[in-house]
Amino acid sequence: MTGKPRIPRDDTAVAAALASEKAVLRSTLLARRRTIDPAMRSAWDAAICAHVLAWWTDARAPLLGVYWPLRGEPDLHPVYAALAGRGVALALPVVQQADAPLAFTAWTPGEAMVKDGMGVAVPRQLRQVEQPPALLVPCLGFNGDGYRLGYGGGYYDRTLAAPQRPYTVGIAYTCLAAVFASAPHDVALDRIITERG
């Protein structure tokens, strides 16, 4: 035995199969998220906000990367306002170009917003800041190893691949836990917060 596989592995085929599986899973999880009862979603969002505030009380990140909710993601605006009231500087992600890490802009809850070219809300006046030391990262899905499933653009993966990697807190609903394999470029999150903690 030489230790060499008898059938050579086609990494391109493996990557294509993984991408196809993830595309199907994304559709399934988006559909599942759309069926969450609005009253239940509101209660879950409140619970997630409480857990985020408890995490921040221990972590004390002075600059925190947050997100504007899209497509049914947990809405954390109440905890954003609470954190801003405690003097925490908040930053929203900004896509500056395709296939690049995210940039971040200072953001104050209540300031005027516009939609960027991708339809994501950003402050009307962008004020770029350094990459925050901690990020709240929305998850379409997540697995038991701490990997997230996003929408497939890879923006967060490229951001987390930076040498000065920020501490990451995934945000998701418990019902979006899933089984999926991670790709070589995927970066596991440091922590995941759901409505259950």
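Buried means under 20% relative accessible area, exposed over 50%, and partly exposed in between, with a 1.4 Å probe and protein chains only. This is a predicted model, in which local features need pLDDT of at least 70 and side-chain atom pairs count only at pLDDT 80 or more, while totals for chains, interfaces and linings use all residues. Residues are numbered from 1 along each chain as its sequence is written, and side-chain values use heavy atoms, with hydrogens and water left out.

**Cysteines**

Select C139 first. At 1% relative accessibility, C139 counts as buried. Its sulfur is 13 Å from the closest cysteine sulfur, in C175, which is too far for a bond. A disulfide is a pair of cysteine sulfur atoms within 2.5 Å, and a search of the whole structure finds 0 of them. C49 is in no disulfide either; the nearest cysteine sulfur, that of C139, is 15 Å away. C49 counts as buried, at 8% relative accessibility.

**Helix 2**

Next, select residues 38-59, which make up helix 2. Helices (H or I, at least four residues) and strands (E, at least two) are DSSP runs, numbered from the N terminus. The buried residues of helix 2 are R41, W44, D45, I48, C49, V52, W55 and W56. They cover an arc of only 150° around the axis, so they lie on the same side of helix 2; the arc is that of the directions from the helix axis to the C-beta atoms. Turn to the face away from this buried side to find the exposed residues A39 and D58.

Go to the N-terminal end of helix 2, which D37 caps: a side-chain oxygen of D37 lies 3.1 Å from the backbone nitrogen of A39. After helix 2 comes R60, with a positive phi near 55°.

**Aromatic rings**

Now show W68, Y80 and W107, which form one aromatic cluster. Rings of Phe, Tyr and Trp (its six-membered ring) pair if their centres lie within 6.5 Å; planes under 30 degrees apart count as stacked, over 60 as edge-to-face and the rest as tilted. The structure holds 4 such pairs. W68 and W107 have ring centres 5.9 Å apart and planes at 80°, so this pair is edge-to-face. W68 lies in the loop between strand 1 (63-65) and helix 3 (77-85), and W107 in strand 3 (residues 103-107), so the pair ties together parts that are 39 residues apart in sequence. W68 counts as partly exposed, at 27% relative accessibility.

Notes: Expected span 1.5 Å × (residues − 1). Polar contact = N/O pair within 3.5 Å; in protein donor to acceptor, adjacent residues only side chain to side chain.
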